[in-house]
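Biologist: I would like to go through this model term by term. Please give me the value and the cut-off behind each label.

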Amino acid sequence: MEMQRKRPLVAVSEPLIERGTYDRHGRLAALLNERAVRLGLHLGHPAPLTPAEHKVLPGVPQITGVELLKYEQEYFEKYKHLIDLVLEDELEEVKTRFGKGKDSLAQLQKEGVVLTQLQGRIDKELFNEYSCKFTTEDEGELPFHKFNRGDMVMISLSHENPMTASIMDGHISEKSKTYISIVFNKPPSDLEKKLWRIDKSANRVTYDRMKTALEIFCNRSKNFKATCHLKELIVGHVTDYEAWASQPPTTLGDTKLEAVMPEDFDRWLLNDSQRETILFALRRRLALIQGPPGTGKTHTAVHLIKALVDINRKLQKKIPILCAGDTNVAIDNLMEKLSDQGISCLRVGKPVKIREELREMSIEGQSLKHSLWPKLLEHRRELSLLQAEQQQNGSSEDLDKEIQVHQRSVRKLEKTIRESVLRNTNVICATCIGCGDDLLKDRKFPVVVIDESTQATEPSSMCALVKHCEHLIMLGDHFQLPPTVTSERAKDQGLGLSLYQRMIDRGVATQMLQIQYRMHPMIAKFPNEQFYSGKIQNGIGGDGKTLPRGFTWPNTNVPIAFVQNYTMEEKSNASKSKSNRKEAMMVIKIVNQLLDCGEYGARQIGVLTPYSGQVKLINDMMEKKQGSRDAGGRYHHLNVQSIDGFQGREKEVIIFSTVRSNSKKKVGFLKDWRRLNVALTRAKSAVIVIGNRDTLENDENWKKYLQFIDENNCVAALTVGKKREKVRSQTEAGGAKRGQAEPPQDGQNKDDSNMEVIPEEDLLVPQFCPERG
């Protein structure tokens, strides 16, 4: 793909616009002249604003058409280039895989990026989409693969090369050990008569929607006229970002906020921090809300939306509110809580990606209740019969005309029903990319709320903003993980920086929620002091709480433990990820002991690790006990997941396998302090960390965490595999730190030092519940 850009990108940490560069580029100058003439604007660089002018309109320079066009052009070129890089890298990866030919098919299978020789059948139809289930021929366990729910995939005949074969695109809606379900708009022909191949494909839908949003935002779309009233701020055409962002939202008009606030607002179930945050958001045209772990960010967002709905009612205005988020999980959680508050809302997106109990609130689910739905079904049935007749007997003039009449009737009825459903709903919920759905293309949303905005790339956020956004509220936490970007080139050049973070970097103020209700105070203590400067208060106490039974806690007053592991990490040739077998054994041992005591079930325990290789290893070891991961099995509801995939979630007990253990003391992407913050703040009642102290201490944040562990006497001993780590008495003096496992002596193998033999089979059978120390 030919590069659009002729000069280097501006670094994200620098201003988006390099002033004075435009006259050197004839192509850009010609474009600006052409657009300026078309818009009736005079050319030339505007004179800088005087201090007096800035005083009248703080932070908002007088808009001069040509100057704004330059900012638009720079912005468009930057982000268009970045999303092009993502698509190029994805397509190149697919092309490389397919171009390897039959000789490399075994390697691709080993890497888990392709499945072949699968049989298929239509499983169910849902809102005019078809879910097809693919299994092996004997319906046994699928080979190793890295396909996940939501992945865009393509299928082709098993014996053909997808580079030259006829392919169909779909997305994975469900998976288990024995099958993968893929949703198609139309099922493949002869599905049950042939064998199929599944490959991961590039996500063109995401790319196309981000590209369209950029074109609309920068006035380069011929088909859409919607725009964003925050354009000057976003492209950098302001002198003071905070002064511009703090202006009152135009949706209020001349009305004072106090005059339209809900009368019972002071009685809502909110703490002072949450109440102040809602008022902060309602008073500004751009509000950035920081929600540290457990501070009730979603709870605050729901009550914020409730306030906006009440304000609209008082203003006697019907101002649609668009609620967006980076993931389907985030939007489903928000919708569930909005529904609990009695707020009517509508979910836009593919029904198969929506939580089953919420599908009734989707546009498809609401369409089923419309008075015109039976008439639509009747026309669809008639159309289906006519098309079957045409396929069997051939075309005729009368038959073709009748088919066309029914097709027009179906399209008209579908549009009428959708428009009616959308028109009668004031709160629309969708993922950021889902906001680019054609269903919403002609609709205006002056108020936009984006949850988990720090996880969304700027172009994906743009999909929600280009529908006449006047008032933008973004919730997130830039101290947790940033957006996931698959292209390293795009990430290095700035795509990994969210709009939320970029606005902070430009000086826009944030409002932080300051009372956490999730974690035991001791669990919250280190993240609060290390990452949040001690600003977080505890809304719950730890007095009187008993520690989870089933694990020997080194300090009975602190629900934290660090378990030392000296075994070296491994790199999987298949998945190209890292794993640590001894740590996986430790994880299973701890899980078994917690489950055997019966205080917590599998749903209440979470296992986190930085590496997909370790996720697979732990799952594989659990599955050695037949049926343990199936419905009704011992580990069926146990969540084993990567840290990145667990952000925003919580469990009573978290077991954190760090994996890294090597002679070079490299910690890899564990050095990202935001990943450490996420991992340590998922637990409500207790957290157990497993790792190699020698390796982890090479990172400054981990070193401080291990100092915190020592200060609170939280180093634990654990029986694992065939050995048991020996731990010095905490009162014993010597070279090792208090409670720390003794390192191996010179000449000893780290894996064999200070161990006692125990039966290996103990790992996968129920254990007795040990007494707590």
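Modeller: Let me start with one residue. Aspartate 190 has a relative accessibility of 37%. The model is a predicted one.

Biologist: Why is aspartate 190 called partly exposed?

Modeller: Buried means under 20% and exposed means over 50%. Aspartate 190 has 37%, so it counts as partly exposed. Its place is in the loop between E5 and strand E6 (195-200).

Biologist: What is there to say about phi of aspartate 190?

Modeller: Phi is positive, about 55 degrees, although aspartate 190 is not a glycine.

Biologist: Which value makes lysine 665 partly exposed?

Modeller: Its relative accessible area is 39%. The class runs between the 20% and 50% limits, so lysine 665 is partly exposed. Lysine 665 sits in the loop between E21 and helix H22 (673-680). Its phi is near 60 degrees, a positive value in a residue other than glycine.

Biologist: What makes strand E19 mostly covered?

Modeller: E19 spans residues 605-609, and five of its five residues are buried. Buried here means under 20% relative accessible area.

Biologist: How do you know that both faces of E19 are covered?

Modeller: In a regular strand, side chains alternate between the two faces of the sheet. Ile605, Val607 and Thr609 are on one side of E19, and Gly606 and Leu608 are on the other. These residues are all buried.

Biologist: How do you know that E19 and strand E20 pair?

Modeller: Pairing takes at least two bridges. E19 and E20 (residues 639-642) have four, in the parallel sense. Leucine 608 has glutamine 641 as its bridge partner in E20.

Biologist: What makes E19 and strand E21 a pair?

Modeller: The bridge count again: E19 and E21 (residues 651-657) pair over four bridges, in the parallel sense. Here leucine 608 stands opposite phenylalanine 656.

Biologist: Which residues of H9 and H10 meet?

Modeller: From H9, Gln274, Thr277, Ile278, Ala281 and Leu282. They meet residues of H10 including His299, His303, Leu304 and Ile311.

Biologist: What is the strand order of the closed barrel?

Modeller: The six strands run E1-E2-E5-E4-E3-E6, with antiparallel pairing. From one strand to the next, the twist averages 50 degrees.

Biologist: How do you know that E4 and E5 pair?

Modeller: At least two bridges are needed. E4 (residues 168-175) and E5 (residues 180-184) have four, in the antiparallel sense. Glutamate 174 stands opposite serine 181 in E5.

Biologist: What about the open sheet of seven strands: what is its order?

Modeller: The order is E9-E10-E8-E11-E12-E7-E13, with parallel pairing.

Biologist: What makes E9 and E13 the edge strands?

Modeller: Each of them pairs on one side only. E9 covers 346-347 and E13 covers 510-512.

Biologist: Over how many bridges do E8 and E11 pair?

Modeller: Five, in the parallel sense, between residues 321-325 of E8 and residues 447-451 of E11. Isoleucine 321 stands opposite valine 447. Helix H15 (residues 458-465) lies across E8, E11 and strand E12 (471-476), at about 145 degrees to E11.

Biologist: Finally, how much of the chain is buried?

Modeller: Buried residues make up 54% of the 773 residues. The chain has 24 helices and 25 strands. Its accessible surface comes to about 35400 Å², with 47% of that belonging to carbon and sulfur atoms.

Conventions. Residues numbered from 1 in each chain as written. Predicted model: local features only at pLDDT ≥ 70, side-chain atom pairs only at ≥ 80, totals over all residues. Heavy atoms only, no water. Buried < 20%, exposed > 50% of the residue type's maximum accessible area, 1.4 Å probe, protein only. Helix = DSSP H or I, 4+ residues; strand = E, 2+ residues; numbered from the N terminus. Areas by Shrake-Rupley, 256 points an atom, 1.4 Å probe, with all protein chains shown as cover. Contact = heavy atoms within 4.5 Å. Axes fitted to C-alpha atoms, helices over the stretch in contact; angles between N-to-C directions.
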